[in-house]
Amino acid sequence: MRDDLGADVPLPVPATRVVSLVPSLTEALAVTAPDRLVGATDWCTHPADLDVARVRGTKNPDLAAIRALSPDLVVANKEENRELDVRRLREAGVAVWVTRIETVEESLDSMSRLLHEALGLSDPAWLVDARALWSAPAAPAAPRLRVSVPIWRDPWMVVGAQTYTDDLLTRAGLTNVLAHGPAAKEGRYPTVTPDDIDGAGADVVLLPDEPYVFTADDGPEALRTPTRLVSGRLLTWYGPAMVEAHAVLAGLAG
């Protein structure tokens, strides 16, 4: 079998011991097949009662600790994890499945294929529901709510085009003004200034709590545009969070 990048994954039977290096995939596996998940990163915070071995972070996983868990499979993501760590695990004889997800459709197809081919499972209820909710873009509203989404501060960085979050916003009936239109910036996560954000014409700036933890006292005071604190998990995590995300973002769109 091959992962999303076309790399061979030497897994002769469905995996029964899985280590996840991606928080969203950890949640998906924990909800779908909790008995298969044996390890996860320190950043894997959902489900709240997750009780598995921790293997440090997404960018600095403890490779020795991962090997010690004797996993059949390690799941990773092209954007969140380092190619170096994936390569070292493979060189040590560990099977690694790397996902590549830049759109909502890719997230649904990627998770379905991972669960089916690597774990021998059919689509769980949450994935069936997510596909039904997100399969088609929202009907165009007149006018669409215009938003921008910072993900970091000092320097300020925002969600740009060709990202999972941008596609999620578009399908929910929102317009990401720093990815589309006259104020659009180049790049998937362009660096901007507060004046760029305020001058982009957004109706509201969505301030997530990850990867940068924006709060009522850290973020809104730097901007003139109205802001709204939102869950970063709903904006960036593919998996069971997609069902809740649809309700929240569609509500914003009106």
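Guide: Four strands make an open sheet in the order β9-β6-β11-β12, with parallel pairing. Its edge strands are β9 and β12, each pairing on one side only. From one strand to the next the twist averages 35°.

Visitor: What kind of model is this, and how are its residues numbered?

Guide: This is a predicted model, where local features need pLDDT of at least 70, side-chain atom pairs count only at pLDDT 80 or more, and totals for chains, interfaces and linings use all residues. Residues are numbered from 1 along each chain as its sequence is written, and side-chain values use heavy atoms, with hydrogens and water left out.

Visitor: How should I read "strand" and "pair"?

Guide: Strands (E, at least two residues) and helices (H or I, at least four residues) are DSSP runs, numbered from the N terminus. Two strands pair if DSSP finds at least two bridges between them. Take β6 (residues 145-148) and β9 (residues 174-176): they pair in the parallel sense over three bridges. R146 has T175 in β9 as its bridge partner.

Visitor: Which strand pairs with β6 over two bridges?

Guide: That is β11, again in the parallel sense. S148 stands opposite V205 in β11. Four bridges then join β11 to β12, which run parallel. There, P208 has V230 of β12 as its bridge partner.

Visitor: What is the strand order in the sheet of five strands?

Guide: The order is β3-β2-β1-β4-β5, an open sheet with parallel pairing. The edge strands are β3 (53-54) and β5 (96-99), and each pairs on one side only. Two bridges join β2 (residues 37-40) to β3, and the two run parallel. G39 stands opposite A53 in β3.

Visitor: At what angle do α4 and α6 pack?

Guide: The angle between α4 and α6 (residues 164-171) is about 110°, and their axes are 8 Å apart. The two helices are therefore roughly perpendicular to each other. The classes are these: under 35 degrees is roughly parallel, over 145 roughly antiparallel, 65 to 115 roughly perpendicular and the rest oblique. V104, E105 and S107 of α4 meet Y164, D167, L168 and R171 of α6. By class, the contact holds three nonpolar, one polar and three charged residues. Here Ala, Val, Leu, Ile, Met, Phe, Trp, Tyr, Cys and Pro count as nonpolar, Asp, Glu, Lys and Arg as charged, and the others, Gly among them, as polar.

Visitor: What separates a cavity from a pocket?

Guide: On a 1 Å grid over the protein atoms alone, a cavity is a set of points where a 1.4 Å probe fits but cannot get out. A pocket is an open set with protein on both sides within 12 Å along at least five of seven lines. Lining residues have an atom within 4 Å of a point. Grid points are joined across faces, edges and corners, and a volume is the space filled by probe spheres set on the points.

Visitor: How many cavities of 30 Å³ or more does the search find?

Guide: The whole structure has one. The largest cavity holds about 40 Å³. Its lining is L25, A28, L29, M111, L114 and L115. The elements giving two or more residues to that lining are α1 (23-32) and α4. The lining has six nonpolar, no polar and no charged residues.

Visitor: Which residues come closest to the centre of the largest pocket?

Guide: Of its 26 lining residues, they are T58, E80, E210, P211 and T236. The largest pocket holds about 860 Å³. α1, β7 (150-152) and α6 each supply at least two residues of its lining. The classes are 13 nonpolar, eight polar and five charged.

Visitor: Which peptide bonds are cis?

Guide: Most peptide bonds are trans. The bond from H46 to P47 is cis, with omega near -5°. P47 is in the loop between β2 and β3. Another cis bond joins E210 and P211, with omega about 0°. P211 lies in the loop between β11 (204-208) and β12 (227-230).

Definitions and conventions: Axes are lines fitted to C-alpha atoms, for helices over the stretch in contact, and angles run from 0 to 180 degrees between N-to-C directions. Contact means heavy atoms within 4.5 Å.
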